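Please open the structure in your viewer and keep the selection tool at hand.

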Amino acid sequence: MSAKNCFIFDEQVDQTANLASLCEAAGFAVESCASLATAHAVLADNFLPVDVAFISLNAQVGDSLALLKCAALRHAEIMVTTDIDMPTRISKAMEQGASYCLGKPFDSHFLTSILSDIAAKIDSDNHAANNAGVLHSIDQFGQLRGSSPVMRKLYRTLHKVSASNASLFFVGESGTGKELVARTAHALSDRKDGPFMAVNCAAITETLIESELFGHEKGSFSGAYKRHLGFFECAAGGTLLLDEITEMNPNSQAKLLRVLETRKVRRVGSEHDIDIDVRVISTTNRLPEAAVAAGTLREDLYYRLAQVPVCMPPLRLRGNDIGGLAQYFLNELNMLHGSSSTFDHEAMYALTAYHWPGNVRQLRYAIELAYILSGSTIGAEFLPQEEPNMRRLRQAGEMLEVSLDDSLEESERRIVLAMLKKTNGDKRATAKMLGISLKTLYNRLHDYNTAVTPHVALVS
C-alpha cells in the first residue's frame with residue numbers, strides 16, 4: 001500500500017512523542033514540529049501529501065489556527081488538540097475543517113481506533129484505484145457482509161454495544177440491512193438464546209398496533225374472541241425489533257414510552273400490569289431529527305429508544321463491497337442451480353458505476369434478474385444502467401439532473417450546493433450524504449467562494 005503521512009504540530013515535546021508513537025504504530029510516517037515557524041516552513045515546502053494532521057491550539061506564540069489553511073493540509077483529516085478549555089478557538093477550528101478536538105492527555109484506545117479507520121480508508125481508496133472493476137471476496141460479521149472501512153467500523157461498534165442491554169436505534173435507507181444488523185446484535189448479546197421478534201410498525205393499522213404490541217383480553221373489543229399475547233410478552237427474555245418506528249401513530253408512541261420507562265405492559269382490556277424483560281431495537285429510514293421536527297416521532301421517545309444510535313451506510317458509499325456482494329449473490333445462485341455463471345469485465349464496471357438507490361436489497365434482486373436473463377456470462381446489458389446523458393443524484397425522492405455538457409467541476413458544484421440546500425445548511429450532514437469528509441466539504445465551499453445565507457443554521 002502507498003505510504004500514509006501524518007503531520008504533528010505541538011510545542012509540548014513529550015505530547016508530540018506520545019502522539020507520534022501511536023501514529024507510527026498505525027502505519028503512518030510522521031513529521032513533527034515544535035514551533036509555528038518550522039511548521040509553516042515544512043508545510044510550505046510541500047511535505048509529502050498529508051493524510052492526517054494534529055494541530056495543537058496551545059501555541060504560546062502566534063496563531064496555530066493559521067496552519068489549517070495551508071494547502072498541504074487540503075485533503076488531510078485534521079484533529080486539533082488542547083489541554084485547556086478554549087471554546088472560541090475550538091469552534092473556529094471546527095469551522096475551518098477540523099474533524100475532532102482531542103483533549104490531553106490523549107485517550108490512546110480512542111485515538112488508535114480513529115487512526116485505524118483513517119488508515120483503512122486510505123488503503124481502500126488506493127486499492128480501489130489500482131483494481132477498478134475487480135471483484136473480491138467479502139468479510140462476514142453475524143448476518144452482515146462487507147469489507148469496506150465503513151462496514152468494519154460498524155462491526156466494531158456492534159461488537160461493543162451488543163453485549164449491553166442498551167436500546168439500539170438503527171438509521172438507514174431502505175435496503176441497507178437494518179433488520180440484519182438488529183438480528184446480528186441480538187445474536188451477539190446475552191439474550192441470544194431468547195426469542196427475536198420483529199414488528200413492522202408501518203404494516204399494522206392504528207387500531208391494531210396496541211393490541212399487537214401489548215396484547216388484549218378476551219372480549220376487550222369486537223372480534224377479541226380470546227386472550228392474545230402481544231409482542232412484548234412473546235419476546236420475553238429476548239429482543240423486540242420495532243421496524244420503521246416513525247410510522248407508529250403518536251398516541252401509540254406515548255403508550256410505548258410508558259412501557260419502556262416502567263418496564264411494565266398492560267393488555268388492552270386488562271386492569272393489571274405485567275413485568276417485561278425485553279431489549280428493544282428500533283429502526284427508521286428517515287432522519288430522526290427531521291421526523292421529530294415533523295411531529296411523526298416523539299422527541300422523548302426518540303431519546304429513550306436511541307440510547308445507542310447507529311447509522312447504516314448506503315451501498316454507494318461502500319466501495320468494493322458492491323462487487324463483493326454481487327459475486328456472493330451470484331455464487332449462491334450457482335450453488336442452488338448447479339451452474340457456473342460469471343460476470344464479464346464490463347459487468348464489473350457497471351456494478352460499481354451504478355448508484356443503487358435501493359441499496360443491498362436492490363443489488364440482490366438485480367443479480368437474480370441478470371442471472372435469469374443471461375447465459376453463462378452476465379454482461380453489463382443485464383444490469384441496471386445510468387442514462388447515458390445524465391448523472392442523477394437521488395435522495396429521499398428528489399432528483400438533480402446534471403448534463404454531460406457541463407464540466408466535471410460545474411457538475412460537482414451543483415451537486416454539493418444542492419445537497420447543502422437540502423440539509424438546510426447542515427454541513428456535517430451534507431458531507432455524510434455526499435460520502436466526503438467535513439474537511440473536503442469546507443474546501444469545496446471555499447473553492448466555490450460560496451456564502452451560506454445568514455438565516456440558515458449551520459451544524460458543524
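Select Arg298 first: this residue counts as partly exposed because its relative accessibility is 30%, where partly exposed lies between buried (under 20% relative accessible area) and exposed (over 50%), computed with a 1.4 Å probe on protein chains only. Asp300 and Arg298 form a salt bridge in which the closest N and O atoms are 2.7 Å apart; the term requires a side-chain nitrogen of Lys or Arg within 4 Å of a carboxyl oxygen of Asp or Glu. Side chains of opposite charge can pair when their charged atoms come close.

The model on the screen is predicted: local features need pLDDT of at least 70, side-chain atom pairs count only at pLDDT 80 or more, and totals for chains, interfaces and linings use all residues. Residues are numbered from 1 along each chain as its sequence is written, and side-chain values use heavy atoms, with hydrogens and water left out.

**Further salt bridges**

How many salt bridges does a search of the whole structure find? The search finds 18. Select Lys255 and Glu210, whose side chains meet in a salt bridge of 2.8 Å, N to O. Lys255 belongs to helix α9 (residues 250-262) and Glu210 to helix α7 (residues 209-214), so this pair ties together parts that are 45 residues apart in sequence. Helices (H or I, at least four residues) and strands (E, at least two) are DSSP runs numbered from the N terminus. Lys255 is partly exposed at 42% relative accessible area, whereas Glu210 is buried at 19%.

Next, select Arg318 and Asp321. Are these residues buried or exposed? Arg318 counts as buried at 4% relative accessibility, and Asp321 counts as buried at 3%. The two form a salt bridge, with the closest N and O atoms 3.1 Å apart. To see a network of salt bridges, select Glu217, Arg227, Glu233 and Arg267 together.

**The open sheet**

Five strands form an open sheet in the order β9-β10-β13-β8-β14, with parallel pairing. The edge strands, each pairing on one side only, are β9 (196-200) and β14 (308-311). Neighbouring strands of this sheet are turned against each other by 20° on average, direction ignored; the axes are lines fitted to C-alpha atoms, for helices over the stretch in contact, and angles run from 0 to 180 degrees between N-to-C directions.

Now select β9 and β10 (residues 239-243), which pair in the parallel sense over 5 bridges; two strands pair if DSSP finds at least two bridges between them. Which residue of β10 is the bridge partner of Ala198? The partner is Leu241.

**Aromatic rings**

The last stop concerns aromatic pairs: rings of Phe, Tyr and Trp (its six-membered ring) pair if their centres lie within 6.5 Å, and planes under 30 degrees apart count as stacked, over 60 as edge-to-face and the rest as tilted. By this rule the count comes to 7. Select Tyr328 and Phe329, an edge-to-face pair with 5.9 Å centre to centre and 65° between the planes. Tyr328 is partly exposed at 22% relative accessibility, while Phe329 is buried at 6%.

Then move to Tyr354 and Trp356, another edge-to-face pair, with 4.8 Å centre to centre and 85° between the planes. Both of these residues, Tyr354 and Trp356, are buried. Finally, select Phe169, Tyr302 and Tyr303, which ring pairs link into a cluster.
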